[in-house]
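Here are some notes for a colleague opening this entry for the first time. Please keep the structure in view while reading.

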Amino acid sequence: MLEFLEKEQIDQGIIDGIREYREKYPAAPDMAGRVPRPRYHYYGKEVWEAAAAALLCGENLLLAGSKATGKNVLAENLAMAFGRPAWDVSFHVNMDAASLIGMDTFVGGEVTFRPGPVYLCAKNGGFGILDEINMAKNEALAVLHATLDFRRAIDVPGYDRDEAARFIGTMNYGYAGTRELNEALTSRFVVIQMPTIGQEGLERLLVDEFPTLEKKYRQQFAQLFLDLQKKCESAEISSKALDLRGLLDALRLIRRGVRAGMALDMGITNKAFDSYEQDLIRDVIAGRIPAKLDRSRLFTD
């Protein structure tokens with residue numbers, strides 16, 4: 001990962017800082033399996049430098065932005081770059097304080113503390129990835145306040161105090177169940193507004209994932225995603241079709257032998273359930289990718 005950062009021309013001072021951090025805080029051997037191995041790289045020099053600098057300064061990081069901006073990809077990339085074990089916490093309606101920190105349970109007839117992900121992250125000096133943090137209930141987030149501010153500690157009744165590690169929160173706008181974060185929580189993060197991915201970043205992602213994809217079609221698939229993005233921004237279609245994972249899934253299906261029209265329906269179009277919207281999406285796709293294209297024309301292998 002550090003070689004990737006050098007290739008991306010990330011500020012040398014930041015790369016040196018990450019190296020020093022890794023030497024000072026090596027991951028325990030039994031935690032090596034928890035250090036992420038991201039499938040994708042995050043492309044974006046300014047965002048990389050801002051995020052890494054914040055973590056080197058001991059700050060907690062909040063990655064905010066719309067769909068398909070690479071928030072979780074960046075969070076995993078950061079954990080790998082810093083060589084830290086990571087714990088993913090997906091917030092939902094049933095997530096409470098006990099689920100985050102841990103709870104007492106019976107093991108062999110004895111009361112035993114079963115630690116939660118935040119406790120384990122704090123104890124092992126990991127990176128806690130708080131996914132969709134703006135969907136969490138206040139009572140769940142309240143337990144993090146002491147962890148996220150200058151105290152960097154968690155009080156667990158009956159147990160020792162542990163220093164807390166860094167936390168990376170992610171949040172989308174406009175999803176069902178989301179809401180504004182309260183001031184107390186927001187003040188404990190530094191915030192990066194994640195930019196949308198551009199043509200160059202999309203093409204580099206496609207090269208990494210599909211090295212045998214013909215160049216002209218790589219450009220067309222990247223442009224297709226940007227076309228869908230513009231349609232979403234102008235409210236002509238919903239954000240359901242703006243699915244980068246779905247685009248990559250469609251390309252995998254094509255490589256497996258499914259024709260382009262069917263594969264793109266499966267990966268993108270059919271995620272909108274309104275027939276009129278589906279027709280609009282198919283029109284956008286048809287302007288870039290003929291439905292009858294198959295594996296032999298898209299891939300060189």
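1. Start with arginine 166. The model is predicted. Arginine 166 sits in the loop between β7 (162-163) and β8. Is arginine 166 buried or exposed? Its relative accessibility is 16%, so arginine 166 counts as buried.

2. Next, the surroundings of that residue. Setting aside neighbours within four places in sequence, arginine 166 is in contact with Tyr21, Leu55, Leu56, Gly58, Glu59, Asn60, Cys121, Gly126, Phe127 and Gly128.

3. Which order do the strands take? The open sheet has 5 strands, ordered β2-β5-β8-β1-β9, and the pairing is parallel. β2 (86-90) and β9 (190-193) are the edge strands, each pairing on one side only. On average, neighbouring strands of this sheet are turned by 20° against each other, direction ignored.

4. One pairing in detail. Strand β1 (residues 61-64) pairs with strand β8 (residues 167-171) in the parallel sense, over 4 bridges. Look for alanine 64: its bridge partner in β8 is methionine 171.

5. Helix α3 (residues 45-56) lies across β1, β5 (127-131), β8 and β9. Its direction runs at about 170° to β9. Helix α4 (residues 71-82) packs on the sheet and touches β1, β2, β5 and β8. The direction of α4 makes about 175° with that of β5.

6. Isoleucine 14 deserves a look. It is found in helix α2 (residues 12-24). Isoleucine 14 counts as buried because its relative accessibility is 12%. Which residues does isoleucine 14 touch, not counting those up to four places away in sequence? They are Glu49, Ala52, Ala53 and Leu56. Leu56 is also among the contacts of arginine 166. The C-alpha atoms of isoleucine 14 and tryptophan 48 are separated by 9.7 Å, and these two residues are 34 residues apart along the chain.

7. Then the hairpin. Strand β3 (residues 102-107) and strand β4 (residues 110-115) run antiparallel and are joined by 6 bridges. Methionine 103 has arginine 114 as its bridge partner in β4. The hairpin leaves 2 residues between β3 and β4. Check glycine 108 in the turn: its phi is positive, about 60°.

8. A helix pair comes next. Two packed helices are described by the angle between their axes and the distance between the axes. For helix α10 (residues 199-209) and helix α12 (residues 244-256), the axes come within 12 Å and cross at roughly 40°. That angle is why α10 is oblique to α12. The crossing of α10 and α12 is right-handed.

9. The residues at that contact. From α10, Leu202, Leu205, Leu206 and Glu209 take part. They meet Leu244, Leu248, Leu251, Arg252 and Arg255 in α12. What is the make-up of the contact of α10 with α12? It has 6 nonpolar residues, no polar ones and 3 charged ones.

10. Last, burial along α10. The buried residues of α10 are Gly201, Leu202, Glu203, Leu205, Leu206 and Glu209. Their cover includes α11 (215-233) and α12.

How values were computed. Residues are numbered from 1 along each chain as its sequence is written. This is a predicted model: local features need pLDDT of at least 70, side-chain atom pairs count only at pLDDT 80 or more; totals for chains, interfaces and linings use all residues. Side-chain values use heavy atoms; hydrogens and water are left out. Axes are lines fitted to C-alpha atoms, for helices over the stretch in contact, and angles run from 0 to 180 degrees between N-to-C directions. Angles under 35 degrees count as roughly parallel, over 145 as roughly antiparallel, 65 to 115 as roughly perpendicular and the rest as oblique. A crossing is left-handed if the near helix is turned anticlockwise from the far one by less than a right angle, and right-handed if clockwise. Contact means heavy atoms within 4.5 Å. Ala, Val, Leu, Ile, Met, Phe, Trp, Tyr, Cys and Pro count as nonpolar, Asp, Glu, Lys and Arg as charged, and the others, Gly among them, as polar. Two strands pair if DSSP finds at least two bridges between them. Buried means under 20% relative accessible area, exposed over 50%, partly exposed in between (1.4 Å probe, protein chains only).
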